[in-house]
Amino acid sequence: MDGSESAGPGATPGAATAKDETAKLSRGFGWLAALGVILVLAGLVGLIYTGLATLTSMLLFGWLLLIGGVVGLLHAIQARGTNFFWLGVVVAALNIAAGVVIMSRPEAAAEALTMFAALLFLTGGVFRLAGSLVVRGPQFGWTLLQGTFDLLLGILVLAAWPSSSKYVIGTFFGLALLFDGLGLIATGYGGRRIVGMVSERLTAEAVEGDESVESGGKPVQPE
């Protein structure tokens, strides 16, 4: 038995295994990009139908609070007898109550959340403006611009409240889905390109290795 017969079977399964792994990675990145496309479409629909997006986000938020409260209550029951039992029960009860209230009154919950978001924008903008004027660091211009934008956004949302609650949360929800989807698409596309480059490199190295084994494993002819 010459060298090519002993080395060939060992090299081929390794190349096939690497090819299978790269194919699995490529399919995984493809599914990631497909999920990104779905999120982008959902974000565009949310930006068009902001009222529906606001109602949907409130219902999802309520369900998350309700499920989180039930899970927290189960964990608290399992940890009964410890010092954190009553704290876990209180937190779980508050989450369940908040989830039930939001699901039963999504419009009122949207108004309260919009008011809270407007106050956050106002306070954040004031602090950024004050900090940029006092510190005057290397990011002075960017911090000043961001603070001004937050302050104006908070004023606009608060001035149109409570009617602004019908589209503010839905707009934020749609933008979040849109940018998350774009990020997933970029990650999936870039990942597939990298996997393709690695697969081509491994295939080239496997071919070179087979050629070197075949050339080095030929028997020497007697003179």
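A: Axes are lines fitted to C-alpha atoms, for helices over the stretch in contact, and angles run from 0 to 180 degrees between N-to-C directions. Two packed helices are described by the angle between their axes and the distance between the axes. The present model is predicted, so local features need pLDDT of at least 70, side-chain atom pairs count only at pLDDT 80 or more, and totals for chains, interfaces and linings use all residues. Residues are numbered from 1 along each chain as its sequence is written, and side-chain values use heavy atoms, with hydrogens and water left out.

Q: How many helices and strands are in the chain?

A: Helices (H or I, at least four residues) and strands (E, at least two) are DSSP runs, numbered from the N terminus. The chain has 6 helices and 0 strands, giving the pattern α-α-α-α-α-α along the sequence.

Q: At what angle do the axes of H4 and H5 cross?

A: The axes of helix H4 (residues 106–135) and H5 cross at roughly 150° and come within 7 Å. Angles under 35 degrees count as roughly parallel, over 145 as roughly antiparallel, 65 to 115 as roughly perpendicular and the rest as oblique. H4 and H5 are therefore roughly antiparallel to each other. The residues of their contact divide into 14 nonpolar, 8 polar and 2 charged; here Ala, Val, Leu, Ile, Met, Phe, Trp, Tyr, Cys and Pro count as nonpolar, Asp, Glu, Lys and Arg as charged, and the others, Gly among them, as polar.

Q: Which residues of H5 are buried?

A: Buried means under 20% relative accessible area, exposed over 50%, and partly exposed in between (1.4 Å probe, protein chains only). In H5, Gly147, Asp150, Gly154 and Val157 are buried. They cover an arc of only 105° around the axis, which puts them on the same side of H5; the arc is that of the directions from the helix axis to the C-beta atoms. Leu145, Phe149, Leu152, Leu156 and Ala159 are exposed on the other side of H5.

Q: Which residues are buried in H3?

A: The buried residues of H3 are Phe85, Val89, Ala92, Gly99 and Ile102. Their arc covers only 170° around the axis, which puts them on the same side of H3. Trp86, Leu87 and Leu94 are exposed on the face of H3 turned away from its buried side.

Q: Is glycine 99 buried or exposed?

A: Glycine 99 counts as buried because its relative accessibility is 0%. The C-alpha atoms of glycine 99 and leucine 60 are separated by 9.4 Å, although these residues are 39 residues apart along the chain.
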